[in-house]
Structures are given as structure tokens and as C-alpha cells.
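I opened my notebook to record what I looked up in this structure. The entries go from the whole chain to a few details.

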Amino acid sequence: MRQTRSPHRVWLLIPFLLLALLNCLPAQSVQFTLRATSEEIRWFRYRIGNTAPWAERSSADPVIHIPEFSPSQDVLEIQQAREDRAWSPSYHYHYGDEQNRWTLSEEKSPASFASLHLLAELPQDAQKVFFEHTIGFDLQYGMQLPTGSLVSSAGYRWAQATTSWVTTFHELSLLVGLGYPLVLGKNLLLTPTLESGVLLHLVVGDLSGFQQDSVSLFLDPQLRLAISGSMLLSETLRFSVKPYLLWYFEEEAVLFSSGCSFGLEAVW
């Protein structure tokens, strides 16, 4: 018996045929004029699609020529920066083939950065009786805002006790705050930040006096004032050093430490 092809299978091929047709549409040469949102803007960078490498352009040379651009598929992504090259959120432009003009998409993606910092802290008050220093790390994430940056961090600290009735101190830190970047040079950035959050203390030792170690938990509010210095290593990587002052507030006392962290920061 002769077999006939099911018409449903033919319909399934239509989306793939349309996709192939779109890919066959010829790309065209287009031109775009970069316009800064403020007089402080000195640099632009742009790319076609979110996986292509960035191309940089000075604000003194604002006209870019794109030799191959497909209006049906391609999107022009643009970011701007001051002299420090701390890049702004992305602006996405579509090219209207019929009107021969560019249109700005309503959607903007904020520039983000994340880092892993190693740190060390020194107690500056009565804490010296219990330990000499703490070491640990911070996982930091931030987002560029129009007038500053939103920063957050989650970290861990460890300290070897200097008393006979406490073995070790462990601390878990959560912070969120705001920063304001300041330009120091072409590749240097200084960002004062103010962060607040909570600090969870895990104290391992014989606090009860029964000659048996146990874990005691204490939760305190904390406040951190920091100045982060960053040096641009590449388009997506920075090295940063962050000295800071840390206060945390117990029921009957305010304790104070100083510290410094350093690490690599990814920017996208």
C-alpha cells in the first residue's frame, strides 16, 4: 500500500523554513551617531548582540559605521562612561528598515560587577582580649546606578581564640549599601561605600563552664564604611583593594574593627 505524508508534518516544517528565510535576508551597511547623556561622558562602547566583543569609541569620534547589520535579527547595544570607564547600563537600539531610522528599546540592562575578596581584620577595642585578628573572604555583587552603585556582600570570618575557655570564633556577614565612584585616572576608580547588615557570631568553647565545648550563636547589627580602589585590567576585569572600618552593635557595647580586603572583580 502506498504511504502518504501526513499534512501535520508539513506544518511542523513551516517555522524552520521561515527561520531559514530570515537568515537568508541580506545584511546592510548602516551608520549610527553616538550621543552622550551628559557633558562628563568621554567613552562609548558598542556591540551587535550580547555575545560579541565590545568595540570602544571616544566621544570625540561619535559616528560608527556597521558594515553588516540585519534589521530583522540584530540589536545594537551601547554603553557610555566617564573618564574612569565605569560603564553605564546598556541601551539597545533597533534599526527600522522601512523608516531607515534607529529606535531605542525601552528595556535597559544595568551594568553589574561581582568579586571574590580575601580579607583580614584587626580588633580595635575589648575584642583584643579574645582574639588578635580575623581572616576570611567576601563574595561581593554590585549594580551600577545612574548616580552611584548598589553594593552587597556575603562573607565569612575566622579567628583563633586567645583565651582558655573559647576555642575559635566564626562569623557570617551580610551587608548591603550604596557607593559613589570617583574618577582618579584613565584606569583608576575610587568608590566610597556605606553598608549595613547583620553579623552572626558562632563561638566554639566552654562558655557554660561545664568543661565541654559547645557552639553559641549571637546576632548583631553591623555598619561598614569602606573606600574601594579599583584598577582596570581589561574590559571585563578589575583588581580592587578595599580598606574599611567596621562597627557592630551589641546590647551593651559598640565594638570596632579595621580591615582590608583585595581581589579580582568581574564586570559585565
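**Notebook entries**

I began with the surface: the protein has an accessible surface of about 16,200 Å², and 62% of it belongs to carbon and sulfur atoms. Such areas come from the Shrake-Rupley method with a 1.4 Å probe, and for residues only the protein chains shown count as cover.

I noted that this is a predicted model, in which local features need pLDDT of at least 70 and side-chain atom pairs count only at pLDDT 80 or more, while totals for chains, interfaces and linings use all residues. Residues are numbered from 1 along each chain as its sequence is written, and side-chain values use heavy atoms, with hydrogens and water left out.

I looked up the fold elements and found one helix and 16 strands. These are DSSP runs, numbered from the N terminus (helices: H or I, at least four residues; strands: E, at least two).

I then checked burial: 37% of the 268 residues count as buried. Buried means under 20% relative accessible area, exposed over 50%, and partly exposed in between (1.4 Å probe, protein chains only).

Next I listed aromatic pairs, and there are seven. Rings of Phe, Tyr and Trp (its six-membered ring) pair if their centres lie within 6.5 Å; planes under 30 degrees apart count as stacked, over 60 as edge-to-face and the rest as tilted.

F32 and Y93 are edge-to-face, because their ring centres are 4.8 Å apart and their planes stand at 65°. F32 is in strand β1 (residues 28-33) and Y93 in strand β6 (residues 90-96), 61 residues apart, so I noted a link between distant parts of the chain. F32 counts as buried at 7% relative accessibility, and Y93 counts as buried at 19%.

F69 and W102 also form an edge-to-face pair, with centres 5.2 Å apart and planes at 65°. F69 sits in strand β4 (residues 63-69) and W102 in strand β7 (residues 101-109), 33 residues apart. Both F69 and W102 are buried. Ring pairs join F32, F69, Y93, Y95 and W102 into a cluster.

Last, I asked how many cavities of 30 Å³ or more the structure holds. I found four. A cavity is a set of points on a 1 Å grid over the protein atoms alone where a 1.4 Å probe fits but cannot get out; lining residues have an atom within 4 Å of a point.

Methods:
1 Å grid on protein atoms, 1.4 Å probe; cavity = no way out; pocket = protein on both sides within 12 Å on 5 of 7 lines; lining within 4 Å. Points joined across faces, edges and corners; volume = space filled by probe spheres on them.
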